[in-house]
Amino acid sequence: MIASWAYKDQLSSPSAAGAQVSAMASRHPNEAGDAAAAATATESVPGFFSSDLRRHEDLKNMLDSSKDGLKLEAMKRIIGMIAKGKDASELFPAVVKNVVSKNLEVKKLVYVYLVRYAEEQQDLALLSISTFQRALRDPNQLIRASALRVLSSIRVPVIVPIMMLAIKDAVSDMSPYVRKTAAHAIPKLYRLDPDQKEQLVEVIEKLLADKTTLVVGSAVMAFDEVCPERIDLVHRNYRKLCNLLVDVEEWGQVEIILMLTRYARTQFVDPNASSSAAAADDDAGQSVVDDDDDRGPAIDPDLRLLLRNCKPLLQSRNSAVVMAVAQLYYHLAPRAEVALVVKSLIRLLRSHREIQTVVLSNIATMSTRCRGLFEPFLRSFFVRSSDPTHIKLLKLEVLTNLAGETNVPVILREFQTYVASSDTEFVAATIQSIGRCASTIPEVADTCLNGLVALLSNRNEAVVAESVVVIKKLLQMKPSEHRDIIGHMAKLMDNITVPMARASILWLLGEYADRVPKIAPDVLRKVAKTFIQEEDIVKLQALNLASKLYLTNSKQTKLLTQYVFSLAKYDPNYDIRDRVRFLRQLVMPQGDSGGVLHKHAKKFLLASKPAPVLQSKFEDRDHYQIGSLSHFINAKANGYQELPDFPEVAPDTSVRNVEVPSVWQETKSSKKKKQVVKKKSFYSETDSSHSADESSSGSSDGSSDEETGSGSGSGSDDSEESGVGESSDESGSDDSRVNGTADVKNAENSSSSSSSGSEESDASSSASEAPAVKPKKPPASRSNLDLLLDLDDMSTVPVAATLQPMSALTATSATVVGRPEAPRFVAVSTPAYVPSEWRELLNKVSGAGLVISCRFTRTPHLFSPKMASVEVTLANHGDEDLPGVRISDRLGPGVSEVRGIASEPLAVGATRHATLGIDFGDSTQPVTLEVVVENGARHTLTLQPPVGEMLRPVRISRDEFVAQQGKLRGMNEHSCSLEKIPDMVEEVRQRVHRAANVLAIEDEQPGWVRFAGQTLASGSLVLVTVHLAQGLARATLTVNCDKMIVGSMLMRELRAALS
C-alpha cells in the first residue's frame, strides 16, 4: 500500500527534478549543466524498488566533473557517509581517479577515503602506487603523511619493499607529523611480513631516539607491537622518556607509562622487599607521603625519576592517563607512596558510568591488598539511587573490602538501607556483603546474624532466600550456639520457593540433625510430598537428608527414606538416578558385597566439614596488571603481556647513562677548524670583546633551537658540527685560558650558532681574529675547578655579563645572539634585596639530631652562572659527633644539576655554613638533595624554588624596556588587577624586590614602576610593570616573558606580595 502510493506520487510529479534544476541554475549558472545531467539521470530511473540500480549516481557525476568545487562537495558528502557508518565502497573507482587532483583539500579527503577502503579494494589501489610514491615527496607534510598512511593500508605482500623504503625515508623527514605516521605504519608492515623485523627494529631504534614529543608516543607503540622483548633499546632513552612524559599527548602518555612499567619491573629491585606487607598496609592509610620523603625506603634514582615525573599526570583530565599512573604506582612504588593516587582515582568516580566501572573494578582489587588507602574516603563509595546496578555492585564490593573494626558500624547502617531497595540483584549482593562482614569481623558476627534472621520475615521472597543461604554459611562457624535459628529456618520451608534457599535449609537439617532430632524427620516428610515438583538441587539435598537421617535415626525414618529413594529411582534427571543408586548401596546395602562400605557410611556422610571462607571475587585478580583488559574481564585477553617479576639483584645501572662529549675535545676540534677557515677581521678589538660577551647571553636561543630542530635528520647534524667551530672562533683566542664555567658556556653557545644565518657566522668568525694576546695552553693535569680558581689568568678573560659589578652598568651592554633586533641590557651581580628568611629542610627528629636550613642569596654561583646560590647551614643538635656530612653532587642527563658540599665532620652543637649550586632549568619542580653522613645515615631533602629566585637582575633603559615589551605580547603577556596595594612607589619597589630578584629601572613617568630581570638557565628576558591608578588603592600588574609558565607563576607570586 505504502509502496504503491509512493510510486504513484513519483510518476505524478515528473517536473520536480526540472524545477530543482531551474532553481539551481538561477543561483549557480556554471553548475547548471552538471545538475541537469544529474536530474536527467534521476528521471530516467522509474520505479520505487529500482532506484538502487543507480545509487550514488549524483556523487559519481560530481566526482567526474572538471570543477574542484563539485569534487570537494562530493568528497565531503562521502566522508560524512563513512562517519555515519554507511557503506561507500561502491564509489571507490570514482574516488581513486581524483588522487591526482591538484586541489589540496580534495586530495586530503581522497586520502582519508582511501585509508578506509584501500584494504578492501586492493587491486584498484595498486593502480595508484606511483601516485602515492610521488606524493611522498610533496612539499606539504599532510600530503606526505596521508600518502604513507594509504600506502601502509594496502595489505599486499608485493609492495612490502616499497613500504619499507617509504618508512625509512619518512623516519628522517623534517616534519614530526610524518615521522609519527611512519611509526604508525611500522606495525602494519610487521603484521604483513614478519620477516622484516630486523630492519624494522633499526627504524624503531632511530624513532626512540627522537626528541620530539609528537613522535615519542608513536615510537613506543611501534616498539610494543614489534619488539617488546628488546629492552636494550630503552636503556639509553629511559631518562629522556621520563622527562618528556609530561609534554607528550595523552594517548602517548598511556603507551609510555605502560611500557616503562614493564621496563622498571625488569631493571629495579622491589622497593617493598625489605618491609613487611602488613606494616606497609597499615602505614599506607595513615598519611600521604611525598615521593621524595626520606621516610620511604631508599630506591634507585632512575625509578625515583620515573615516579616523580608521573606524579603531575595524576591531575590529567584524561582518565586513561590517571589510571595508567595509578597502576604504575601500585606495581612499582613503595607502599607508603601508593596513597598519592587515591584522590585522583576518587575524582574519576564523578565521570561517566563507563569510566566509573573500570575505576571501581581496579579500586576493588587494590582495596583487597591495601585496605588503608581508601578508608578515609569511605563515603565516596556510598551507593546512590541513580547508580546503575553494576555500579552499585562494585561500590558494594569496595565497601565490604574496606570494612574493619572501626568503620563497620557505619557500613552496616548503610547496608540496612540497601536491603530495602527495589533492585533484587543489589539486595541479594548486600545480604552477601553482610555475611562477609560477619565472617571477617568476629565482633559483629552475632549482630549480623540477628539482622539476617530478622530478614527472614521480610515480604520479599528474594531477600528471605538470600538470607537463608548466607545464614547457612555463618552457622557452620558456630552451629552449637544457634540451635534455635536452625529450627526457625526449618519452619520457613512451607513458604520459601526459591530452590537455593530450600536446598540450604535441607543441608543444614541434614548436617546438624542430631541438634534438631524432632524437626528434621518432619521436614523430610513434607519434602517427600512435593519431591516430584522440586528442582534438581532440592532433590539432591533431599536425598542427602534422607541418607543422614537413616544413619542417625533409622527406626523413625527408614520407611520415609525408602519412599524418597524410590521416587528418585525413576526421576528424569540421570544425576539424581545415579545419586540414589550410590546412596542406596551406601546406607541400605543388599547382600554381602555392600557390607564393607556400609561400615564407613557415617564417615562419608557425617564427617565434620570446614566453615566456608567468604572472600571477595576480586581477591585473585591481582595477578593481572591493574587497569588492563585482562584484569577487567578476569581472563587473559589476546595480546596481554604478563607483568614481569622484580629481579632479586638490580642489573647494571650504567646502561642508562648517555655519553656526553667532553668540553675540551670540542674546543680542540674547533681550533683545528679555525686554522683551516681564517678570515681577516675589520672589527676593532673592543667590538670583538663585545661579541665574546654577547655569546654568553645567547644560550637561551640555542636551547630553543635544539628543541625545535631535533628531528631535522642528517642535515641538522652537519650544521651543528659547523656551528661548533664558528662559536669557538667567535669568543676569540682568549678563551683558551678561560675557566670551566666559560668553557661550559661556549659549548652551549655552539648549539645556538647552528641556527643563525650565514651572515652572523661570517661576522662572528671574522670578529674572532681581532688582535689579542695569545694565551698559553692549559696543562692537561689541571681540572676545570683548578682553572676556575686560577686568579692569575683572570686579567685576560672577558668578564661574563652575569659577573659584572654595578659600576660597569653604563659602560657595557649585552646582546642576545640569534635575534635581528636583540635587546641591549646588562646583567648585574649585586641584588637589590637579599632574603634573610631561612627555610628548614631537615628537622631534628627526621635527621636524628641533624638540622639543615637554607636561604637563597641571589648571587651568581662560582661554578656556573646558570646556577642559583643556596646558602645552607648544618647544625648538630644530637648527642654524638657526626664523622662527616656532605650533600652529594648530582650530574647527568634527566636531572637538575646540583653542586653539593664536601664532607666535613660536625661536632655536637657545632654549626657549618656552605653554599650549594643548583641549576633549576627554569622549572619550579622540586629538586631532590641527598645528604650522606659517614656513619651510614642518608637523608633525602626536597627543595622547591620560588620563581622569583630563578632570576637575575638586569639593567635596561626605559626605551629598550618598552620596545621589548611590545615584542612580548599575546601569550607571552600576563596581567591582573591588584586591590589594596600601597600607593607609595618606594613601597611597591621594596615588595617586588623581596618577592623576585629583579631590578627597578629609572623611570620618570609618574604612576609607572618597571622592573627587569633574566632567567638563570635560558637567559630569557623578564619584564614586570606595575601601573598605579592615581588616587585609588588599585593597580595593574603585567609580566612579559617568552617563558609562559615562568611569567604566569611570577605574576601569581607578585600579586600575592603586593596585595
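Colleague: What makes you say that the charged end of Arg899 sits over the ring of Phe863?

Modeller: In this predicted model, the charged end of Arg899 is 3.8 Å from the centre of the Phe863 ring. A charge counts as sitting over a ring if CZ of Arg is within 6 Å of the ring centre and within 35 degrees of the ring normal, and Arg899 is listed as sitting over Phe863. Lys539 likewise lies over the face of Phe531, at 5.8 Å from the ring centre, and for Lys the atom taken is NZ, with the limit of 6 Å.

Colleague: Why is Met950 called buried?

Modeller: Met950 has a relative accessible area of 4%, and buried means under 20%, so Met950 is called buried. Met950 is placed in the loop between strand E11 (938-943) and strand E12 (951-955).

Colleague: Which residues is Met950 in contact with, leaving aside its neighbours within four places in sequence?

Modeller: They are Phe920, Asp922, Ser923, Thr924, Pro945, Gln1014, Thr1015 and Leu1016. Lys866, for its part, is 84 residues from Met950 in sequence, while the two are 9.1 Å apart in space, C-alpha to C-alpha.

Colleague: How do you know that Tyr111 and Phe132 form a tilted pair?

Modeller: The structure holds 11 aromatic pairs, and in the pair of Tyr111 and Phe132 the rings are 6.0 Å apart, centre to centre, with 50 degrees between the planes. Rings pair if their centres lie within 6.5 Å, and planes under 30 degrees apart count as stacked, over 60 as edge-to-face and the rest as tilted, so a pair at 50 degrees is tilted. The pair links distant parts of the chain, with Tyr111 in helix H7 (residues 104-117) and Phe132 in helix H9 (residues 129-135), 21 residues apart. Both Tyr111 and Phe132 are buried.

Colleague: Why is the pair of Phe856 and Phe920 called tilted?

Modeller: The ring centres of Phe856 and Phe920 are 6.3 Å apart and the planes are at 45 degrees, so the pair is tilted. Phe856 lies in strand E4 (residues 850-860) and Phe920 in the loop between strand E9 (911-918) and strand E10 (927-933), so the pair ties together parts that are 64 residues apart in sequence. Phe856 and Phe920 are both buried.

Colleague: Which residues touch the most other members of the largest nonpolar core?

Modeller: Of the 202 residues in that core, they are Tyr113, Leu114, Leu345, Phe374 and Phe381. Helix H20 (residues 319-332) gives the most to this core, with 10 residues.

Definitions and conventions
Residues are numbered from 1 along each chain as its sequence is written. This is a predicted model: local features need pLDDT of at least 70, side-chain atom pairs count only at pLDDT 80 or more; totals for chains, interfaces and linings use all residues. Side-chain values use heavy atoms; hydrogens and water are left out. A nonpolar core is a set of buried Ala, Val, Leu, Ile, Met, Phe, Trp, Tyr and Cys residues joined through side-chain atoms within 4.5 Å. Buried means under 20% relative accessible area, exposed over 50%, partly exposed in between (1.4 Å probe, protein chains only). Helices (H or I, at least four residues) and strands (E, at least two) are DSSP runs, numbered from the N terminus. Contact means heavy atoms within 4.5 Å.
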